[in-house]
Structure formats: C-alpha cells, structure tokens
Amino acid sequence: MTDTETGHFEQDMKFPSLSRRAFVGGLAVFAALTFIGLPIEPAQAQTAIAQKIADHFASVKTMSGEFVQFGPRGEQTGGKFFISRPGKIRFNYEAPSPMRVIADGKSVVIGNQKMKTWDIYPLSKTPLKLLLSDNIDLTGKMVRDVKEEADLTTIVLGDRTVFGDATITLMFDPKTYDLRQWTITDAQKKDTSVMIFNVKNGVPMDDKVFNIPYDDINNRGK
C-alpha cells in the first residue's frame, strides 16, 4: 500500500482528543452524549431493536469507505477508513496531516509522523473493543437510549467500566441498518463527529493495512 493510498492521519488533536483525552479518560470511538447520574434504561423493545441493528453491524466482517470528521472547535477533516473484524481499524487522514490511527486487534496507536511520537493503548481498554468485536452484546445497562425516526435510528451506549465519562451515539439507516454516523463526547464533554459515505462492505482486506510499527514505538526516545 503506497503512502498516497494510506495517506496521513489527522486527529487535529481531536481524534487525539479521541485518543489522548478520550482513550486516557475512557474514550469510545463512536459516540455522543455524556450522561450524569443513574443510567437510563430503555424499554425492552428498544433494546431488542438496538441488538438487531448491532447484530447486523457485527455481521459485516470488512468495511471501507470515506469519512468527514468534525472536531469540537468546528474544524473539518476527511479521509478513508478500513475495518476488519475482529479488532482492526485504520483511519487515513488526508495530507498534510501527519496523524494516523491504527488498531491491530490487540492495541490501538495514534501516531504523528511529523513529530515522530506515538501513543499506544490496549484495545481491550477502549470502546473500540465493542465496535470491532465479532459479537456486539448490548444486554445489561450499556444501552442508554434508542430513538427511532423515519430516516434515522439512534443508539446511545454507555458503560462507565469501559467508557469512563464518555458515551457512544451510533446513527443507523432504519431500513438497511447501515452505520451512517457516530459522535464521541470525551471526558471533557467535547464532541467529535464522523460521517461516513461511499461505504463498501465485505471487501478484501490485506492485514498489512493494520500493521502497527512496534519497533518504532519501542525505540522512541532512544
């Protein structure tokens, strides 16, 4: 895969907000409102709807497409994304951004090619574990709210044991159950929203796309 194809990653310190603040503070990767106090428990029928959508989403083993990201200050960036279950995701941000985000099934890294810096987190300690697993179990108190509208079904997820003070709001097409958008609110209550389009499901995916340069990470500072 060429540098042009993989692109440069950008977080504009907003996906890093997603990373440093979000992951460190208990971030998620697809999310929205931070709820304070007792969790909201949706009706059983709503939870069933949410689980049906989650099952459809989890059944898609590979996915690629384009995205537009809106940061807390209104900044806008774009690029391409790649997903391979279980546990793998990559965001290629358009140049001139030096940032990159990769999960290889075990770890998640946020890298700055220009500054030659890396942040690494266990995948199991981030909300990405939920969204990239082969099976997404929404039982218990994880589902905070489900809203059904004519053109959108919204599912709000939250689990303080995993997300900390962040929640995940996922927005799906009510007819196809395809994911359209997600918003993340980090521990500082700052939103990062991502809209996806030109999505292709079930595409062949080279595992090299999700390689993390562990040698570079281990040698940093030497």
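**Reading a buried arginine**

Guide: The side chain of Arg85 reaches the backbone oxygen of Ser133 at 2.9 Å, a polar contact, that is, a pair of N or O atoms within 3.5 Å, where one must be able to donate a hydrogen and the other to accept it, and where residues adjacent in sequence count only if both atoms are side-chain atoms. This is a predicted model, in which local features need pLDDT of at least 70 and side-chain atom pairs count only at pLDDT 80 or more, while totals for chains, interfaces and linings use all residues. Residues are numbered from 1 along each chain as its sequence is written, and side-chain values use heavy atoms, with hydrogens and water left out.

Visitor: Which backbone oxygen lies 3.1 Å from a polar atom of the side chain of Arg85?

Guide: That of Phe57. Arg85 itself is found in the loop between strand 2 (76-84) and strand 3 (88-93), strands being DSSP runs of E with at least two residues, numbered from the N terminus.

Visitor: What is the nearest side chain of opposite charge to Arg85, and how far away is that side chain?

Guide: A salt bridge needs a side-chain nitrogen of Lys or Arg within 4 Å of a carboxyl oxygen of Asp or Glu. Arg85 is buried yet has no salt bridge, and the nearest such side chain, Asp134, is 5.8 Å away; buried means under 20% relative accessible area with a 1.4 Å probe, protein chains only.

Visitor: How many residues of the protein chain does it have, and what percentage count as buried?

Guide: Of its 222 residues, 52% count as buried.

Terms used:
Buried means under 20% relative accessible area, exposed over 50%, partly exposed in between (1.4 Å probe, protein chains only). Helices (H or I, at least four residues) and strands (E, at least two) are DSSP runs, numbered from the N terminus. Lys and Arg count as positive and Asp and Glu as negative; His and the chain ends are not counted.
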